[in-house]
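Hi,

Here is the structure I promised to pass on. Please have a look at it first, then read my notes below.

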Amino acid sequence: VKWDKPERYFKIIAKIPTLALRLRTWKFTVTITTSLEETTQILMTFTAACEALQKSTTLVKLLSVVLTVGNYLNGKTKRGQADGFDIKVLRKLRDTKGLDGHTTLLKFVAETCQRIDASIKDRL
């Protein structure tokens with residue numbers, strides 16, 4: 001049987017030992033530089049964000065207000081007078097409503113932060 005060129009080509013390359021592994025290795029060597037550059041950029045952005053968070057005095061003020069409000073609300077219960085809180089609590093600030101049903105704990109914390117430091121709004 002006489003094969004056309006495409007079929008002959010595939011018959012020949014099918015005989016190459018560990019062809020699939022070689023092709024994956026070739027693809028890896030071709031794409032690794034781009035992948036490393038993208039990953040490096042992501043890590044640099046993440047590192048810069050971490051450094052900004054660590055140096056942020058505004059964030060410290062905000063978190064201290066959240067802790068103070070939480071301690072006040074929990075009063076003399078065993079959860080009151082805490083030295084810290086789980087970061088997941090921050091998600092609940094928006095969902096916790098006041099007696100009026102409209103004001104959220106997040107809004108209260110934001111207003112409290114503004115009363116403490118009027119310029120805090122511009123830095124958040």
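In which helix is Asn71 found? Asn71 sits in helix 3. Keep in mind throughout that this is a predicted model.

Asn71 is buried, because its relative accessible area of 11% falls under the 20% limit. Leaving aside residues up to four places away in sequence, Asn71 touches Arg79, Gly80, Gln81 and Ala82.

Now the overall fold. The protein has six helices and zero strands. Along the sequence the pattern reads α-α-α-α-α-α. The radius of gyration is 29 Å, whereas the globule rule gives 14 Å for 124 residues, so the protein is more spread out than a compact globule. Taken along the principal axes, the C-alpha atoms fill a box of roughly 90 × 30 × 30 Å. Of the 124 residues, 12% are buried. Among contacts with a separation of 6 or more, 40% are between residues 24 or more positions apart.

Next, a helix pair. Two packed helices are described by the angle between their axes and the distance between those axes. Helix 3 covers residues 57-74 and helix 5 covers residues 105-116. Their axes come within 10 Å and cross at roughly 120 degrees. That angle makes helix 3 oblique to helix 5. The crossing of helix 3 and helix 5 is right-handed.

Which residues meet there? From helix 3 come Leu62, Val65, Val66, Val69 and Leu73. From helix 5 come Leu105, Phe108, Val109, Thr112, Cys113 and Ile116. By class, the contact of helix 3 with helix 5 has ten nonpolar residues, one polar and no charged.

One more residue to check is Arg123. Arg123 lies in helix 6, which spans residues 120-123. Is Arg123 buried, exposed or partly exposed? Arg123 counts as partly exposed, because its relative accessibility is 39%, and that class runs between 20% and 50%. With residues up to four places away in sequence not counted, Arg123 touches Thr58, Lys61 and Asp117. How far is Arg123 from Trp26? Their C-alpha atoms are separated by 49 Å, and the two residues are 97 apart along the chain.

When you open the model, I would start with the contact of helix 3 with helix 5, then go to Asn71 in helix 3 and Arg123 in helix 6.

Best wishes

Terms used:
Residues numbered from 1 in each chain as written. Predicted model: local features only at pLDDT ≥ 70, side-chain atom pairs only at ≥ 80, totals over all residues. Heavy atoms only, no water. Axes fitted to C-alpha atoms, helices over the stretch in contact; angles between N-to-C directions. Helix = DSSP H or I, 4+ residues; strand = E, 2+ residues; numbered from the N terminus. Parallel < 35°, antiparallel > 145°, perpendicular 65-115°, else oblique. Left-handed = near helix turned anticlockwise from the far one by under 90°. Contact = heavy atoms within 4.5 Å. Nonpolar A, V, L, I, M, F, W, Y, C, P; charged D, E, K, R; others polar. Buried < 20%, exposed > 50% of the residue type's maximum accessible area, 1.4 Å probe, protein only. Rg over C-alpha atoms; globule rule 2.2 N^0.38 Å.
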